[in-house]
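Have the viewer open as you read.

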Amino acid sequence: MNNHPRSPFPRISPLAGIPRPLIVTIAVTLVLAVLLSMALGVALLITEPPSSPSGGGGGGNEPSVPAGNDPGTQPPVAGKRTELGSTQKSKGSYLSSGSGTAISGISSYAAVLLDVSGSASSTVASKNADERIYPASMTKVMTLIVACEAIQNKFDYEDELPKLELPANVITDANKEGGSGVLKSATAGSKVSVKDLLFLLGVDSDTVSARVIAMYVGSGLREDFATVANAEESFVAMMNSKASSMGLSKTHFTNPTGLHHTNHYSTCREIASIMTYALDNPLVKRIVSAKSYSISHLNLHVSGRDAGWYLQWVGYNQQTLDTVTVKGGKTGYEDTSGYCLVSYAETEGGNVYVQVISGGASPMPSRATVASEFKSVYNKYAT
């Protein structure tokens, strides 16, 4: 029994009065329209290009760069190397001349202060600026120049630079020879990116990084660099060729690390010229200006001797600098060289200075003494 109330209105079919053949035609047409719409949707899904990933580089061919220390994973974009940069020479000659004012009141063996603000470097003050010194790890500024320029010729810095395998013999040698840096404790066969190696080389004065980068570049940027005979020697030849092209007649290198050798030498003036050149390469400048560096996937934060050089030298005994702010530098130490430092500084007015100081070994001033004298040279002669 139907308990629902009946409608007071008569039932009228919505198709009443429409011929049956016409109804069939309309129904077929609707079905065909639905099928066509579905086919078009599938075609669009197949042919539509994928959208940019979240947080991407903003469209076009710009590669996406994730946050953190590791470079992006996008493939190189032909001709786009703006992020990596290249050396933009600001001077016809990077070698200064003259003696400037004689530096007095310091026990360090040699020092020089250059004003590099203009189109030529001028000597502001000096002591034994052209006498031979052993540059120790100040050498690594030239290592960085030669390596970065070679790498910049091939890679865009936004690319993921290759990871290189650390050879066992390089780690063994670093420990045997008293090398510096964190990677001498690494496991042979570990892989570290070229970018990380460059920063460890500059920030931590890392011996393993310096040699691996030298072998990599000396082999012609081959990832199997360890199998290439004399790759490190080829790189050292590149260092000496660079020095010669800069007119540095009193500089000669035998290795990329600064390890002592009687035929590995320079002068304060010529090391200052190398740093002045380094400032014209954006990547090298960034490295020598860094005070610390982290490698997230290795859970590594470097804040050692060179990473903390600003505090140890500029902030030593809380002495402040009167006219300049020290922006970057590279320390060095060897039994035969004593404590040494190449640095650059800027005034509020935008003048740029480069200083090199070498304590010497006979007798050897303490690090505190050389650090204090380094600051006194800036305070007294940089105006």
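The report below goes through a predicted model, starting with the sheet and ending with the backbone.

## The sheet and its helices

Let's begin with the strands. The model has an open sheet of 6 strands with mixed pairing, and the order is β1-β3-β2-β10-β9-β8. The edge positions belong to β1 (101-102) and β8 (324-334); each has a single partner strand, so one side of each is left without a neighbour in the sheet. Further in, strand β2 (residues 110-115) pairs with β10 in the antiparallel sense over 6 bridges. If you want a residue pair to look for there, Leu114 has Val354 in β10 as its bridge partner.

Helix α8 (residues 282-289) packs on this sheet, where it touches β8 and β9 (338-347). The direction of α8 makes about 80° with that of β8. Helix α10 lies across β1, β2, β3, β8, β9 and β10, and it runs at about 150° to β10.

## Salt bridges across the chain

The count of salt bridges comes to 5. One of them joins Asp130 and Arg269, whose closest N and O atoms are 2.7 Å apart. Asp130 sits in the loop between β3 (122-127) and α2 (140-152), while Arg269 belongs to helix α7 (residues 268-278), so this pair ties together parts that are 139 residues apart in sequence. How exposed or buried are the two partners? Asp130 is partly exposed, with a relative accessible area of 34%, whereas Arg269 is buried at 5%.

Another salt bridge is formed by Glu149 and Lys242, with the closest N and O atoms 3.0 Å apart. This pair also links distant parts of the chain: Glu149 is in helix α2 and Lys242 is in helix α6 (residues 231-245), 93 residues apart. Both Glu149 and Lys242 are buried.

Which residues are linked in a network of salt bridges? They are Asp173, Arg211 and Glu232. Glu232 is in helix α6 and Arg211 is in helix α5 (residues 207-218), so to speak two distant parts of the chain linked by a pair 21 residues apart.

Glu232 has 16% relative accessibility and counts as buried. Arg211 is likewise buried, with a relative accessible area of 13%.

## Backbone details to check

Most residues other than glycine have a negative phi, and most peptide bonds are trans. Ala136, in the loop between β3 and α2, has a positive phi near 50° without being a glycine. Ala136 is also buried, with a relative accessible area of 2%.

Leu221 is a further residue with a positive phi, about 65°, although it is not a glycine. Leu221 is found in the loop between α5 and α6, and at 13% relative accessibility it counts as buried. Finally, where is there a cis peptide bond? Such a bond joins Ser362 and Pro363, with omega about -5°. Pro363 has its place in the loop between β10 (352-358) and α10 (367-381).

How values were computed. Residues are numbered from 1 along each chain as its sequence is written. This is a predicted model: local features need pLDDT of at least 70, side-chain atom pairs count only at pLDDT 80 or more; totals for chains, interfaces and linings use all residues. Side-chain values use heavy atoms; hydrogens and water are left out. A salt bridge is a side-chain nitrogen of Lys or Arg within 4 Å of a carboxyl oxygen of Asp or Glu. Helices (H or I, at least four residues) and strands (E, at least two) are DSSP runs, numbered from the N terminus. Buried means under 20% relative accessible area, exposed over 50%, partly exposed in between (1.4 Å probe, protein chains only). Two strands pair if DSSP finds at least two bridges between them. Contact means heavy atoms within 4.5 Å. Axes are lines fitted to C-alpha atoms, for helices over the stretch in contact, and angles run from 0 to 180 degrees between N-to-C directions.
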